Structures are given as structure tokens and as C-alpha cells.
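The sequence and structure come first.

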Amino acid sequence: MRKLGIAVFVIVVLVVAAALIVPHVIDINQYHNRIQAELQKRLGRTVTLGEMRLSLFPPSFQVQNPVIGEDQRFSFNQNRPFATAEKLAVSIKLLPLLHKDLEVKSLELDRPHIELVRDQQGSWNFATLGQEPKPAAAPQPAASPAKTKTNTGNKPQTTTQTAPQQPSTQPSPAGEPGSKPAAGQLTLANLSIVDGQVAITDLQKHQSRAVYDHIDVSVNDFAPDKQFSMKVAAHLPPDQQTGGGKQTITLQGKGGPIQQADMLNTPFDGTLKLDQVSLAAAQKFLNSQALSGTDALVTGDAAVKNSGGKLSSKGNIQLQKPRIKNVDVGYPISLNYDLTDDLTNDVIQIRKGELRLRETPVSISGTLNTRPNPSQVDLKLKASNASIEEAARLASAFGVAFGQGMDVKGTVNADIAAKGAANKPAMNGQLSARNLDISGKGIPQPVKISAIDLALTPDTIKSNDFSATTGSTTVNVNFGLSQYTSPKSTINAALRAPNAKVAELLNMAKAAGVSAADNISGDGVLTLDVHAQGPLNNMSALVFNGTGKLQNATLKLASLTKPIQVRNADLGFNQNSATLSNLAASVGQTNATGNLTMKNFAAPQVQFTLNADKVDVAELQQL
């Protein structure tokens with residue numbers, strides 16, 4: 001027993017010694033050209049290998065700075081090789097090696113740079129890996145045509161004969177003697193990519209080159225004509241604004257057999273996992289500005305399946321710490337979805353989309369066609385007695401409907417169909433809000449609106465007559481938008497405010513997000529009855545009609561060092577102008593009476609006739 005132990009120990013020592021000594025005795029570089037030629041044969045591409053080093057356990061060799069060439073059919077990309085790497089580790093089978101034959105078992109690429117290109121016909125450059133390369137067509141020698149006449153029936157016909165052509169150098173079609181299979185040459189037990197960089201150029205979709213970094217890939221039991229397992233992980237750089245996060249995107253599952261005719265039809269069944277991925281970091285990773293100004297930590301799991309070019313996915317996604325335009329939304333957003341993406345036509349079918357703003361549910365369904373520019377939508381949105389607080393806060397962050405930082409309470413009902421261009425869809429349906437209560441910083445008393453109802457058609461958006469109240473001030477409003485999907489959209493609005501307090505009117509404007517109100521404060525009494533009609537995108541063409549009166553008012557403007565005192569001003573609105581008649585006002589020590597007219601609200605022009613008891617020039621200069 002003791003002798004057996006000694007023998008085993010001696011064998012182990014010899015094996016370890018061989019593993020340490022043999023790689024230094026045998027110069028693997030003397031097989032450099034043979035190995036390079038074998039890899040070229042296996043990959044069907046030109047291969048250039050740097051310095052090589054041998055290892056016996058397991059049988060493998062390492063190559064410095066390998067380069068894999070591009071498919072000749074993608075000659076427009078020949079200035080960039082298909083793949084380069086800092087190091088390539090090639091695991092080989094031991095028994096064939098003992099018979100001086102080289103069979104590759106697995107490949108590992110360390111920090112590779114890979115170029116993926118799709119041409120205008122939809123073919124990818126990686127689709128031909130492992131296939132017999134197609135040499136460039138050799139130029140044919142010029143031949144002088146010789147015309148001869150032949151008889152077909154009773155009519156002579158002229159035919160043209162040329163010199164005999166050289167034998168074709170193209171591979172024989174599959175099934176003919178001597179032919180090689182179009183796929184299946186490259187089989188690997190394992191393929192591994194560590195910290196890779198992938199660049200994608202899609203000429204079919206006219207998309208410029210985009211670079212994706214820090215990608216790990218693991219493929220097991222790979223053969224183009226069989227199913228294989230794979231795992232792809234992208235590690236995004238940490239984002240400081242959202243507090244870091246793991247920043248990992250992982251796709252794992254089974255794919256294949258590879259469909260050479262159309263890679264989008266290659267089957268896949270697996271899962272996608274997002275682990276605290278920052279939207280800002282993802283935007284940099286995807287080289288996209290679609291989410292510019294938006295950030296959040298995204299976590300979730302989704303099932304992903306591709307069959308016949310139809311990619312289906314369903315899962316749950318959560319957005320933590322969402323920020324929009326550097327404004328903290330203040331609550332999580334989640335999405336439970338089930339959709340299908342037709343990869344050939346770029347049409348997304350949303351079978352189920354439940355969006356939750358904290359606890360507020362909003363359902364979305366329909367289709368999105370991303371091929372046109374802009375994208376085309378056919379969507380339905382529904383919300384029933386949903387709290388408006390979260391939706392209003394989200395709208396406030398986007399700078400829509402409410403001032404930033406406003407706290408809005410109430411309920412909302414929506415049943416809307418949207419169809420057409422994504423940036424200006426035509427809508428059908430109803431949107432209503434009840435018991436709105438808007439409060440926030442700078443608003444001493446909340447602004448209350450009992451009910452707003454909007455009726456939407458493809459041509460118009462029309463409101464009911466609704467009232468907004470704060471303190472003792474009530475403003476009655478109605479409005480309508482026509483042709484709102486076109487550049488010629490128009491507005492028709494009316495506003496009535498009897499005996500309103502100036503300070504409370506300014507508070508309403510702040511609650512609605514009117515930024516100009518932030519630089520004005522004051523008090524006094526204002527009565528208004530104004531109607532406006534005209535193009536929405538051209539203030540200078542709006543037509544105003546109505547009257548008003550301002551009494552015992554004090555207006556403080558950020559641009560003036562002293563307030564304006566208005567004892568009386570009768571207001572009149574006509575076309576694109578406003579007139580202040582019977583004006584009695586003062587600034588500092590200067591008192592004035594008279595009339596003032598302002599024309600063109602987009603680029604104001606002021607005309608006035610004023611009588612002043614005295615003018616302190618030095619004081620006016622200080623204003």
C-alpha cells in the first residue's frame with residue numbers, strides 16, 4: 001500500500017513537472033502558420049495571430065493581438081476588421097493533437113472589439129462565420145463575339161458566341177459532389193468574451209455606427225444548425241446622481257438553430273434581467289438621446305422569446321428614484337407588460353400595459369410602428385377614478401399643466417384613443433378631473449377646481465365651462481383647440497374674472513405653471529372679460545376682444561427697483577392690442593395720467609400719452 005502511494009506521488013510530480021517544463025521546451029510558435037491557417041479554415045475569414053504560448057493542462061494556447069478579418073462581401077467595412085482582441089485563448093482537443101491534428105474545443109477572447117454590420121439587403125456580416133469563404137470574382141478575359149446564323153423553322157436567327165469561360169471558383173451548391181455544408185463547420189464547446197466592445201452599423205435602417213462597451217458573452221455547445229445556450233451581460237458605468245447601483249443588464253437563454261437566410265428568424269427563448277440600471281447610463285450605452293434629461297434606477301425581470309421574427313416579451317419593470325429635468329418625481333413607477341415586436345416590420349403590439357404611478361394605475365394597449373419617422377401609434381389609454389396626485393407630479397416635472405413643486409389632489413378618469421404620429425396624435429375620447437386642489441410654495445391658499453371635462457376628437461379638443469377659485473377670487477374659463485395635430489392649430493378661449501384680487505390671480509398663474517408670474521407680485525382689484533382666438537403658434541396673430549378694469553393696485557416687478565402704483569386703469573382689448581385709458585399711476589415721486597396702448601404681444605410696441613406733475617430723472621434712471 002505504501003509502495004502504491006509512493007508511485008502515485010511520483011506520477012503526480014512528473015505530470016506537474018511536465019506541465020511546467022514542456023511549454024518552455026516546446027516552441028508553439030513553430031506551428032504558428034499552421035494554426036493560423038486552421039483557424040482561417042474553421043472561421044472562413046482571414047486570421048492574423050501574434051505571439052503564442054502553450055499550456056498542457058488543459059491543452060490550450062494563448063495568442064496575443066489576434067485579428068479576424070471581415071467578410072469580403074462587406075468590402076465597404078474593410079478598413080475595420082471583424083474582430084480584434086488583446087488576447088485569444090484557444091482550448092484544443094488532446095487526442096487529435098497527439099496525432100498532429102488540431103481540433104478547436106473552445107475560444108476565449110479577452111477585451112475584444114467586434115464590428116457587427118447589416119447591409120442594405122438585411123444580411124449580417126457575422127452570418128457567414130464558419131462558412132466556406134467566397135473568393136472575389138476573377139476578371140474575365142475580353143472575348144470577340146462571333147455572329148452565326150441558325151435556322152429555327154423558316155426564320156433565321158442570330159446568336160452570339162463568346163470564348164469559353166474559366167471554371168467557376170465559387171463553392172458547389174449543397175448536395176453536389178465535393179460540396180461543403182453552408183453552415184456547421186464552426187462548432188465549439190465554449191465561446192467566451194470578456195469585457196468586450198461591440199459596434200453595430202445598420203445600413204438597412206440607415207442607422208449610424210453605435211458602440212456598446214463592457215460586454216461579457218458566454219456560449220455553450222455552439223453549432224449553427226443546433227440549439228445552444230448563451231448568456232450576455234452588459235456592465236454599465238455607475239451613475240452618481242441616482243446613487244450608483246449594480247448597473248447590470250443580463251440576457252440568458254437558449255438560441256438556434258441559426259437561420260442563415262434571415263438572422264431575425266433565429267429562435268430564442270430566455271430571460272432579461274435589469275439590476276439597478278441607471279437610465280442615464282443606459283442612454284450613454286445605447287448612444288441615444290430619447291431619454292435625455294430623464295434618470296432612474298431600473299430593476300426588473302422579463303421573459304423574452306423570438307419565433308419566426310416575432311419577438312414577444314412580458315414582465316415587470318420598476319423605476320426607483322425617477323428624476324425628470326433634474327426634478328425628483330418623488331415616488332416609484334412600475335410597469336407590468338405583455339407585448340410582441342415584429343422585427344421585420346418594426347411594429348410593436350402592446351397586449352397589456354399597466355403603468356403604476358405609486359398606487360395609481362393607468363392601462364395602455366395598442367400598436368406602435370417605429371419604422372416611420374416620426375413613429376406611428378394606435379393606442380388606447382384608460383384610467384378610472386385614479387388619484388391625480390402622482391400623474392400631476394409627473395406632468396409638473398415635465399413642465400406640463402402645473403408649476404414645478406405643486407401638490408395636486410383629486411381624481412381623474414380617462415378613456416382616450418390616440419392614432420397617428422407619435423409627436424402629434426389625433427385623439428378620440430374623454431378626459432375628466434374632479435375636486436382638484438392645487439397647493440405649494442408661494443401659494444397661501446390652495447387653488448380649487450371642482451370639475452374639468454375635455455371632449456377629444458381627431459379635429460378638436462374642447463373643455464367645459466369650469467371655474468378656478470382661491471381665496472375670494474373666482475376665474476371662469478373655457479377653451480377649444482382646432483386642428484391641433486397640424487401646424488395650423490388654432491385656439492378659442494374665454495376668461496372672466498369679476499372683482500378678482502391681483503395677488504390671488506398671480507397665485508393661480510403660478511399654480512398653472514405660468515413662469516412669468518414668478519417675477520411679479522402685487523395686490524389690488526382686477527376685473528376681466530376677455531376672449532382670444534387665433535393660431536396657437538403665433539401670438540402676434542391672436543385676436544383679442546374684451547374689457548377690464550384695474551383699481552388701487554400695486555405691482556412689484558423683478559425688473560424695477562420700485563413698485564408701480566395704479567389708482568385706476570380701464571382696459572380694452574381689440575385685435576392684437578391692449579389699451580389702458582383713464583390711467584392714473586405713479587412710480588416713486590412721479591405721478592402720471594393719460595392713455596397707453598400696447599400692440600403685438602409677441603414683440604410689444606408701446607404708444608402712450610401721459611401727463612406728469614413732475615419727473616425725477618435721477619429716480620427714473622435708478623428704476
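The text below describes the salt bridges and the surroundings of their residues.

This is a predicted model: local features need pLDDT of at least 70, side-chain atom pairs count only at pLDDT 80 or more, and totals for chains, interfaces and linings use all residues. Residues are numbered from 1 along each chain as its sequence is written, and side-chain values use heavy atoms, with hydrogens and water left out.

The structure holds 14 salt bridges (a side-chain nitrogen of Lys or Arg within 4 Å of a carboxyl oxygen of Asp or Glu). Three of these pairs are listed here.

| Pair | Closest N to O |
|---|---|
| Glu 70 and Arg 45 | 3.7 Å |
| Arg 118 and Asp 202 | 2.8 Å |

Strands (E, at least two residues) and helices (H or I, at least four) are DSSP runs, numbered from the N terminus. Arg 118 is buried at 5% relative accessibility, and Asp 202 is buried at 6%. Buried means under 20% relative accessible area, exposed over 50%, and partly exposed in between (1.4 Å probe, protein chains only).

Glu 70 and Arg 45 form a salt bridge. Glu 70 is in the loop between strands E4 (67-68) and E5 (83-84), and Arg 45 in the loop between helix H2 (32-43) and strand E1 (47-48), 25 residues apart. Glu 70 is buried at 7%, as is Arg 45 at 5%.

Finally, a network of salt bridges links Arg 80, Glu 115 and Arg 209.
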